[in-house]
Amino acid sequence: MITILDYQAGNLHSLQNAIERLGYTVQCTADPELLRQAEKVIIPGVGHAAPAMAFLKENGLDTVICELTCPVLGICLGMQLLTEFTEEGQVSGLSVFEVSVKKLRGHLKIPHMGWNSVQYKPSKLFEGIPQEADFYFVHSYAATLGESSLATCEYGASFSVALAKNNFYGVQFHPEKSGKWGQQLLQNFLAL
């Protein structure tokens, strides 16, 4: 059973459909016990960091997430909440990844919306995906570079678009909207 965390800040249906197309059964829940029993947990994200983090704390999910031992994938806002701090709403994250999230700056249009190429370090998450493969982005905030950086992208400056530490992974782009390579990345995660 693949469990998508429903914390009222996610793009649940397109993600659920993408996973079901790969042949997996999916449940969407915010129940701590179901999260603890999950084979894999995905934290999706479309929304604002402050209310999303408030929901996690109010429901005790901040502690539950950090205690998970199964593979966990944060997508977009879901990844950003796994960092130490985000400038969006000036809130502390779950500190799984030792990086912070800053507002994109520079002369390029914000939000960063559309396709962009990704450079990654060798990892099971990117197995079978070519370097410089394009993924789909929609965001105004990005994770800084650090030891947990697995992949980067250039948009005005270089920033982390994939993070990895122990059983936790995060991607800034939306694999469920990223065509062939997005599907491959989801399949790689689900096969961990």
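This is a predicted model: local features need pLDDT of at least 70, side-chain atom pairs count only at pLDDT 80 or more; totals for chains, interfaces and linings use all residues.
User: Thanks! How many disulfides are there?

Analyst: The count is zero disulfides, where a disulfide is a pair of cysteine sulfur atoms within 2.5 Å. Cys66 is in none, and the nearest cysteine sulfur to it belongs to Cys70, 13 Å away.

User: Who sits beside Cys153, then? I noticed Asn116 in that area. What does Asn116 touch?

Analyst: Cys153 is one of its contacts, along with Ala133, Asp134, Phe135, Phe137, Glu154 and Tyr155, not counting residues up to four places away in sequence. Contact here means heavy atoms within 4.5 Å. Asn116 lies in strand β8 and counts as buried at 13% relative accessibility. Its C-alpha is 8.0 Å from that of Ala133, 17 residues apart along the chain.

User: Before we go on, what counts as a helix or a strand?

Analyst: Both are DSSP runs, numbered from the N terminus: helices are H or I with at least four residues, and strands are E with at least two.

User: Good. Start of the chain now: which way do the β1 side chains point?

Analyst: In β1 (residues 2-5), Ile2 and Ile4 point one way while Thr3 and Leu5 point the other way, and all are buried.

User: What does β1 pair with?

Analyst: Two strands pair if DSSP finds at least two bridges between them. β1 and β2 (residues 26-29) run parallel and are joined by four bridges. β1 also pairs with β3 (residues 40-43), in the parallel sense, over three bridges. Ile4 is a handy landmark: its bridge partner in β2 is Cys28, and in β3 it stands opposite Ile42.

User: On to helices. At what angle do α1 and α6 cross?

Analyst: Roughly 70 degrees, for α1 (residues 12-21) and α6 (residues 179-190), whose axes come within 10 Å. Axes are lines fitted to C-alpha atoms, for helices over the stretch in contact, and angles run from 0 to 180 degrees between N-to-C directions. Angles under 35 degrees count as roughly parallel, over 145 as roughly antiparallel, 65 to 115 as roughly perpendicular and the rest as oblique. α1 and α6 are therefore roughly perpendicular to each other.

User: Which residues meet there?

Analyst: Leu15, Ala18, Ile19 and Arg21 from α1 meet Gln183, Leu186 and Leu190 from α6. By class, this contact has five nonpolar, one polar and one charged residues. The classes are Ala, Val, Leu, Ile, Met, Phe, Trp, Tyr, Cys and Pro as nonpolar, Asp, Glu, Lys and Arg as charged, and the others, Gly among them, as polar.

User: And Gly182, is it buried or exposed?

Analyst: Gly182 is buried, with a relative accessible area of 0%. This α6 residue is in contact with Phe135 and Pro175, leaving aside neighbours within four places in sequence.

User: Last one: which peptide bond is cis?

Analyst: The bond joining Ile110 and Pro111 is cis, with omega about 10 degrees. Pro111 is in the loop between β7 (100-103) and β8 (112-117). For another backbone detail, Asn166 has a positive phi of about 55 degrees although it is not a glycine, and it is exposed, at 67% relative accessible area.

How values were computed: Residues are numbered from 1 along each chain as its sequence is written. Side-chain values use heavy atoms; hydrogens and water are left out. Buried means under 20% relative accessible area, exposed over 50%, partly exposed in between (1.4 Å probe, protein chains only).
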